[in-house]
Amino acid sequence: MAVLFSPPMPHLPSDDITGLGVLFRLKQNGFGAFPARCFYEPVLSLRALGRPLVVAAGPEAIKAVLSTDAASFQRLRMGRRVLSPIVGEGILVSEGAVWRRQRKAMAPAFTPRTVPTLARHIAACADMTLPRVSMEKPVDVFSLTQTLALDIAAVTMFSMTSETFGTQLRTMVTSFMSGIGQPRPADFLLPPSVPTLTDWRRKRFRRRWVALIEAIIAERPKIGAQDDARDLFDLLMQAFGEEGGVAGQAVVDEVATMIVAGHETTATALFWAVWLLANAPEWQDAIAEEVHSIDLSSDHAAAALPKLTVTTAVVREALRLFPPAFMTGREAVNDVELCGRSTPGGAMMLLPFWMLHRNPELWENPAAFDPGRFLNGKEPERFTFLPFGAGPHVCIGAQLAMTEAVLVLARLVQLYRFTAVDDEPVLPVGVLSTRPSRSVPFRFFPRRSNG
């Protein structure tokens, strides 16, 4: 039996870390913020400057917070403080009636009946980009997946291309995530009425960001009547267009949310899948065998999806090890009991999905890359595998993200064999998503004719 590849991970803090220590570490990397005892204690109660901080990493605790007792918890105010500069009042931070209206407006764009259309667009974008990958010099794969995922988000959701705004958008998103998008302890501990220097910098970013999104919206071709929705933008205009015209604030916020979330999630998932396959060439070969005689062109992509079982297993295993949404947070609305422990109202709740996915009590050999755990009808226990969250706020674009990741990865392996240029470790960095700790160059070699 081949030795399984176990990717390197950041060091975890000692078990006696304080709540404040967790918050400070979250600014640097969510994969190194929580102690190992969270694997064995479903609910860990800490304090940060006198305020209760609860880490819920067990499946029953997460199930209660996100699903069965979701009404007892609300989104963390920290999330709104950190994310609002880039998503405004969009669906990622909204609550109550506003959130329900947003969800209802977007739902038709993400139903199963849209999969054939989405698959066709995804395959077309992949065939525009992947055959042009350089085989003469090393390729920055994360930049490649970001570019391709942004192209796909623009086409599938907004009937646009990213040629005119792609570079600027990626630059601003990366700048935000590596700087003012990193949560500070003050974001958790200070009330929204108390501004910080970082909040001021976020407001400056917000002005420039909104101007860019409005420019993107203005460039979108206006095709078809308002009552003939062809994509997510048309649905948003039908729901919110009366609130300020084409660049109304509600539309701006949802366009920003979907562009950022729509390309960031898939870009990171694809990067980690490619990197894992470079370190586990036997699985790269397994996908190559699977896709050898499958037609992945735009006209046949949807029909190909059910045949891509190995590719799907690889993507799911990449999402288990490196979930793009590595953590979520909630705040207890009132006193509540969680897995037998009393949790006071106002307590900050942190739910590290990545620890759930690597819990040795839930997974065999949890640190290893083993797509076989998702093959032959095997399914993880409910609430042990949550790459897209759970409950009412489960990711609305989960099906689009999976369809995209599977089709793009299948086409990439169909075209190329690839290896990493160096053996330097690559660590997951969890801030707002799970990005690599460094730029990783890859070499690509033709597997067969690109025709």
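Visitor: How many residues does helix H16 have, and how far does H16 reach from its first C-alpha to its last?

Guide: Keep in mind that this is a predicted model. Helix H16 covers residues 398-415 and has 18 residues. From first C-alpha to last, H16 reaches 26 Å, close to the 26 Å expected at 1.5 Å a residue.

Visitor: Is H16 mostly covered or mostly exposed?

Guide: Start with the general idea. An α-helix has 3.6 residues a turn, so residues three or four places apart point the same way. Now the case here. H16 is mostly covered, with 17 of its 18 residues buried.

Visitor: Next, helix packing. At what angle do helix H12 and helix H14 pack?

Guide: Helix H12 (residues 281-291) and helix H14 (residues 309-321) pack at about 145°. Their axes are 8 Å apart.

Visitor: Which residues of H12 and H14 meet?

Guide: H12 brings Trp-283, Ala-286, Ile-287, Glu-290 and Val-291. In H14 they meet Thr-309, Val-310, Thr-311 and Val-314. The residues of this contact divide into six nonpolar, two polar and one charged.

Visitor: Now the strands. What is the order of the open sheet of five strands?

Guide: The general idea comes before the case. Strands of a sheet pair through backbone hydrogen bonds, either parallel or antiparallel. In this structure the order is S1-S2-S8-S5-S3, with mixed pairing. Strand S1 (43-48) and strand S3 (73-75) are the edge strands, and each pairs on one side only. On average, neighbouring strands of this sheet are turned by 30° against each other, direction ignored.

Visitor: How many bridges join S5 to S8?

Guide: Five bridges join S5 to S8, and the two strands run antiparallel.

Visitor: Which residue of S8 is the bridge partner of Leu-53?

Guide: Met-348 is the partner of Leu-53. Strand S2 (residues 51-56) runs parallel to S8, and three bridges join them.

Visitor: In which sense do S3 and strand S5 pair?

Guide: S3 and S5 (residues 327-332) pair in the antiparallel sense, over three bridges. Phe-73 has Ala-332 in S5 as its bridge partner.

Visitor: Why is strand S8 largely enclosed by the rest of the structure?

Guide: Check burial residue by residue. Strand S8 (residues 348-352) is largely enclosed because five of its five residues are buried. Then check direction. Met-348, Leu-350 and Pro-352 point one way, while Met-349 and Leu-351 point the other way.

Visitor: Take a single side chain. Is Gln-146 buried or exposed?

Guide: Gln-146 is buried, with a relative accessible area of 8%. The residue is found in helix H6 (residues 141-158).

Visitor: With which residues is Gln-146 in contact, leaving aside its neighbours within four places in sequence?

Guide: Gln-146 is in contact with Arg-170, Thr-174, His-263, Ala-267 and Arg-435.

Visitor: Last, the cysteines. How many disulfides does a search of the whole structure find?

Guide: The search finds zero. The test is two cysteine sulfur atoms within 2.5 Å. For Cys-38, the closest cysteine sulfur is in Cys-339, 13 Å away, so a bond is ruled out as too far. For Cys-395, the closest is in Cys-125, at 19 Å, again too far for a bond.

Visitor: What is the relative accessible area of Cys-38, and how does Cys-395 count?

Guide: Cys-38 is buried, at 2%. Cys-395 counts as partly exposed, at 34% relative accessibility.

Terms used. Residues are numbered from 1 along each chain as its sequence is written. This is a predicted model: local features need pLDDT of at least 70, side-chain atom pairs count only at pLDDT 80 or more; totals for chains, interfaces and linings use all residues. Side-chain values use heavy atoms; hydrogens and water are left out. Buried means under 20% relative accessible area, exposed over 50%, partly exposed in between (1.4 Å probe, protein chains only). Two strands pair if DSSP finds at least two bridges between them. Helices (H or I, at least four residues) and strands (E, at least two) are DSSP runs, numbered from the N terminus. Axes are lines fitted to C-alpha atoms, for helices over the stretch in contact, and angles run from 0 to 180 degrees between N-to-C directions. Contact means heavy atoms within 4.5 Å. Ala, Val, Leu, Ile, Met, Phe, Trp, Tyr, Cys and Pro count as nonpolar, Asp, Glu, Lys and Arg as charged, and the others, Gly among them, as polar. The expected span of a helix is 1.5 Å times one less than its number of residues.
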